[in-house]
Amino acid sequence: LVRVVSRCDPADIARVAAVSLLFHASLAVEGIRLWAQERGFELPAQPEGEGCAVRWLCYSALLREANPPARAAAGKWHSVFIDGEGRLSSCGSAATEGE
């Protein structure tokens, strides 16, 4: 059932969870997390003081989808990225001798 739910947009999952007594919040949370995982990203943990996990995950998923990672720089052996939350990441390998 979670896999079926994950095929929906996070906003739609949150809407249904808000109005349906049959739709458990845990199913919505798992569905939104799976939705994100299937798209290759992990959502942040719910901050203290945020009372609704579904609302937080929906917001985080939509924010992440609207602000995908952007390439900031690239070279022959390295790339640098800035994600939607402003974190800087890099990947690559060291140059070998003679190259």
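**Working through the chain**

A: Serine 60 is a place to start: this residue is found in helix 4. Keep in mind that the model is a predicted one.

Q: Is serine 60 buried or exposed?

A: Serine 60 has a relative accessible area of 6%. The cut-off for buried is under 20%, so serine 60 counts as buried.

Q: What does serine 60 touch, not counting residues up to four places away in sequence?

A: With those set aside, serine 60 touches Leu43 and Pro44.

Q: OK, zooming out. How many helices and strands are there in the protein chain?

A: The protein chain has four helices and three strands. Read from the N terminus, the order is α-α-α-α-β-β-β.

Q: And how much of the protein chain counts as buried?

A: The chain has 99 residues, and 26% of them count as buried. Its accessible surface is about 6,800 Å², with 56% of that belonging to carbon and sulfur atoms.

Q: Which residues of helix 2 are buried?

A: Helix 2 covers residues 10–19, and its buried residues are Pro10, Ala11, Ile13, Ala14 and Ala17. They lie on the same side of helix 2, because they cover an arc of only 160 degrees around the axis.

Q: Why would residues a few places apart point the same way?

A: An α-helix has 3.6 residues a turn, so residues three or four places apart point the same way.

Q: What is on the other side of helix 2?

A: Arg15 and Val19 are there, and both are exposed.

Q: Then what do the buried residues of helix 2 pack against?

A: They pack against helix 1 (2–5), helix 3 (25–38) and helix 4 (53–66).

Q: Which residues touch the most other members in the largest nonpolar core?

A: That core has 19 residues, and Ile13, Phe23, Ala28, Ile32, Leu43, Val54 and Leu57 touch the most other members. Helix 2, helix 3 and helix 4 are the elements that give two or more residues to this core. Helix 3 gives the most, with six residues.

Q: Pick one of those. What is alanine 28 in contact with?

A: Leaving aside neighbours within four places in sequence, alanine 28 is in contact with Ile13, Ala17, Phe23 and Val54.

Q: Back to the start of helix 2. Which side-chain oxygen reaches the backbone nitrogen of alanine 11?

A: A side-chain oxygen of aspartate 9 does, to within 3.0 Å. Aspartate 9 sits in the loop between helix 1 and helix 2, and at 28% relative accessibility it counts as partly exposed.

Q: What else is aspartate 9 in contact with, leaving aside neighbours within four places in sequence?

A: Trp35, Leu62 and Glu65. Aspartate 9 is also 9.2 Å from alanine 61, C-alpha to C-alpha, with the two 52 residues apart in sequence.

Q: What about valine 2, where is that?

A: Valine 2 is in helix 1 and counts as partly exposed, at 21% relative accessibility. Not counting residues up to four places away in sequence, valine 2 touches Leu27, Glu30, Gly31 and Leu34. The C-alpha atoms of valine 2 and glycine 31 are separated by 5.1 Å, although the residues are 29 apart along the chain.

Q: How much of the contact total comes from residues 24 or more positions apart?

A: Such pairs make up 38% of the contacts in the protein chain with a separation of 6 or more.

Q: Now the strands. How do strand 2 and strand 3 run?

A: Strand 2 (residues 78–82) and strand 3 (residues 88–92) run antiparallel and are joined by five bridges. In strand 3, serine 89 is the bridge partner of phenylalanine 81, and leucine 88 is the bridge partner of isoleucine 82.

Q: What is between strand 2 and strand 3?

A: Five residues, and the two strands form a hairpin. Glycine 86 is in the turn, with a positive phi of about 85 degrees.

Q: How many residues of strand 3 are buried?

A: Zero of the five, so strand 3 lies largely in the open.

Definitions and conventions
Residues numbered from 1 in each chain as written. Predicted model: local features only at pLDDT ≥ 70, side-chain atom pairs only at ≥ 80, totals over all residues. Heavy atoms only, no water. Buried < 20%, exposed > 50% of the residue type's maximum accessible area, 1.4 Å probe, protein only. Contact = heavy atoms within 4.5 Å. Areas by Shrake-Rupley, 256 points an atom, 1.4 Å probe, with all protein chains shown as cover. Arc of directions from axis to C-beta. Polar contact = N/O pair within 3.5 Å; in protein donor to acceptor, adjacent residues only side chain to side chain. Core = buried A, V, L, I, M, F, W, Y, C linked by side-chain atoms within 4.5 Å. Pairing = 2+ DSSP bridges.
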